[in-house]
Amino acid sequence: MLRDITIGQYFPGNSIIHRLDPRFKIVITILYIVMLFTGSSYICLAVGAVYTFGAILLSRIPLKMFFKSVKPLFIFLMITALINLLFMSRGNVLFHWKFIKITDEGVNTSVFMVIRIVLLIMGSSLLTYTTSPITLTDAIERLLSPLRKIKFPVHELAMMMSIALRFIPTLIEETDKIMSAQKARGAEIDTGSFTTRAKNLISILVPLFISAFRRADELATAMECRCYHGGEGRTRLRQLKSAPRDYIALGITILFLAAVIVLSRLF
Amino acid sequence: MENIIEIRGLHFSYESDDEEKKPVEVLKGIDLDIKKGEFVAVLGHNGCGKSTLAKHINAILLPTEGTVTVDGIDTKDEEKLFDLRQRAGMVFQNPDNQIVSSIVEEDVAFALENLGVPYEEMRRRVDESLKAVGMYEYRLHSPSQLSGGQKQRVAIAGIIAMEPKCIILDEPTAMLDPQGRKEVLATIHRMNREQGITIVLITHYMDEAADCDRVVVMDKGMVVLDDVPAKVFSQVEKLKAIGLDVPQVTELAWELRKAGCDISPEIISEGECVAAIQKLFAD
């Protein structure tokens with residue numbers, strides 16, 4: 001049951017979006033977010049939507065998956081909508097009851113915000129859907145590498161991330177084993193009241209942590225044996241090479257961003 | 001033949017955090033020479049210090065007293081630490097806890113990345129190492145998709161990519177199923193035979209030791225026996241006294257000898273045993 005959990009939900013594939021250089025994909029995603037937040041009219045959002053759905057079509061990942069990514073944030077969306085609805089006092093009053101006052105401007109902003117956030121989630125899901133976590137870590141390391149000059153531990157952070165990713169399946173397997181072992185001794189994990197279950201969780205967490213520390217110790221020794229000494233002077237097996245398609249994708253994104261900026265000035 | 005590993009008067013104690021307690025002495029004076037290209041098994045039961053000894057060979061631990069020299073490098077020489085670790089690679093018991101990357105080929109490349117090997121050279125060595133352990137087809141897999149034996153072979157590939165002169169394996173088969181054990185042992189023997197890599201295999205399986213050139217038996221931090229397998233295993237009583245078993249066929253020959261049969265005590269393989277017993281019946 002625990003095995004079903006995936007982090008980042010990567011859908012392997014070979015579409016043009018999958019093949020883009022991950023560094024470009026991250027930069028493009030940042031530009032995309034800027035694009036969504038500069039536009040203040042529906043026409044700007046429409047441009048953003050065209051861009052989002054265009055990219056989703058190119059990725060060849062079913063649209064259904066993107067709506068799924070919005071689902072867990074449904075409550076958040078509702079709260080955003082509600083706050084905008086209740087606290088926007090400008091505009092013509094449509095409805096007034098005691099202290100609740102809803103204006104046409106409020107309705108407008110709520111709808112606008114919800115669409116904007118839905119697009120934001122769908123667009124950024126595209127990044128994690130089409131890029132494996134390890135590639136993503138690698139790209140982040142390379143993008144942040146100029147920060148090394150100000151002593152920011154870029155390599156160490158990336159190494160921690162990739163080790164964490166490496167050990168997720170191992171630790172999940174281990175958790176499964178410990179859970180079975182504790183269940184066999186009568187620990188109630190799936191049944192019983194909330195407090196008993198919470199208490200029994202300790203009987204899983206303690207062995208899990210002990211084993212994780214032991215693993216960490218052994219891994220550190222093994223890494224030392226293989227001459228690990230931090231990021232200095234390291235070379236990489238994974239080479240990231242930017243192709244013309246990366247620059248084209250970046251160009252298209254900048255074009256859309258420019259369009260949004262122009263449109264938001266005009267309207 | 002030249003010695004690749006020279007251990008002289010090696011003592012090692014674990015310092016205790018509690019100052020009143022005496023440090024625990026794990027190794028009590030070990031002298032050991034290992035020749036280039038040799039395949040040596042180190043036997044001993046739990047707590048005899050065999051893993052501690054292994055960790056001295058590539059400077060994970062440093063001697064409290066005495067010296068360890070590998071291919072002419074003293075393990076205490078900090079400037080040559082990476083040089084040393086590159087020459088003496090180490091494989092550990094738990095395959096899961098020594099694989100660093102989520103992709104097989106990147107894990108094999110890990111040591112080379114650390115050493116700053118240029119890309120083309122790295123690519124070649126990674127592919128060669130993966131082919132040498134028969135895991136080339138799995139190069140893009142995630143380690144979590146592999147069996148224990150396969151993971152251990154990936155770990156070995158990660159070591160041979162460094163092109164070491166000697167590999168120390170600390171109970172590499174203890175956590176594997178019989179199939180995995182066979183795969184790993186076959187790989188180690190092939191490395192030794194074809195590439196002339198010196199192997200130090202730490203184990204508690206007698207049958208694994210029987211296939212080696214030489215067996216070193218340790219007990220309570222000391223070397224008690226050091227000879228070819230047949231000679232070591234023929235000392236059944238001594239081995240039993242320190243809590244070790246002998247291969248089943250050796251024990252059978254020993255029992256037969258005790259019962260008054262004229263059979264060699266230096267039998268370590270099934271084939272030898274069958275031949276000797278047939279001869280016994282023929283006489």
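Student: Which residue stands opposite B:Val70 in S5(B)?
Tutor: That's B:Ile73. Keep in mind that we're looking at a predicted model.

Student: OK, and how many bridges hold S4 and S5 of chain B together?
Tutor: Two, and strand S4 (residues 65-70) of chain B pairs with S5(B) in the antiparallel sense.

Student: What's the strand order in that chain B sheet?
Tutor: The order is S2-S1-S4-S5 (chain B), an open sheet of four strands with antiparallel pairing.

Student: Why is one side of S2 and of S5 left without a neighbour in the sheet?
Tutor: Because strand S2 (24-35) and strand S5 (73-74) of chain B stand at the edges, where each has a single partner strand.

Student: Which helix packs on the sheet?
Tutor: Helix H1 (residues 50-57) of chain B, which touches S1 (3-14), S2 and S4 of chain B. The direction of H1 makes about 125 degrees with that of S1(B).

Student: Switching to chain A: how many bridges join S1 and S2 there?
Tutor: Four, between strand S1 (residues 93-97) and strand S2 (residues 100-103) of chain A, and these run antiparallel. A:Val93 has A:Thr103 in S2(A) opposite it.

Student: What's going on with phi in the hairpin of S1(A) and S2(A)?
Tutor: A:Lys98 takes a positive phi near 50 degrees, and the hairpin has two residues between the strands.

Student: New topic, rings. How many aromatic pairs are there over all chains?
Tutor: Nine. One of them is A:Tyr51 with A:Phe256, edge-to-face, at 5.0 Å centre to centre and 65 degrees between the planes.

Student: Where in chain A do those two sit?
Tutor: In distant parts of the chain, 205 residues apart: A:Tyr51 is in helix H3 (residues 42-59) and A:Phe256 in helix H10 (residues 244-266).

Student: Is A:Tyr51 buried or exposed?
Tutor: Buried, at 13% relative accessible area, while A:Phe256 is partly exposed at 23%.

Student: Which aromatic pair joins two chains?
Tutor: A:Tyr228 and B:Phe110, which are stacked at 5.6 Å centre to centre with 25 degrees between the planes. A:Tyr228 lies in the loop between helix H9 (194-225) and H10 of chain A and B:Phe110 in helix H3 (residues 104-115) of chain B, so the pair joins two chains. Both A:Tyr228 and B:Phe110 are buried.

Student: Which residues do ring pairs link into a cluster?
Tutor: A:Phe11, A:Phe66 and A:Tyr129.

Student: And what lies over the face of B:Tyr136?
Tutor: B:Arg139, at 4.2 Å from the ring centre. B:Lys258 likewise lies over the face of B:Trp254, at 4.3 Å from the ring centre.

Conventions. Residues numbered from 1 in each chain as written. Chains lettered and ligands numbered in written order. Predicted model: local features only at pLDDT ≥ 70, side-chain atom pairs only at ≥ 80, totals over all residues. Heavy atoms only, no water. Phe/Tyr/Trp six-rings, centres within 6.5 Å; stacked < 30°, edge-to-face > 60°. Buried < 20%, exposed > 50% of the residue type's maximum accessible area, 1.4 Å probe, protein only. Lys NZ or Arg CZ within 6 Å of the ring centre and 35° of its normal. Pairing = 2+ DSSP bridges. Contact = heavy atoms within 4.5 Å. Axes fitted to C-alpha atoms, helices over the stretch in contact; angles between N-to-C directions.
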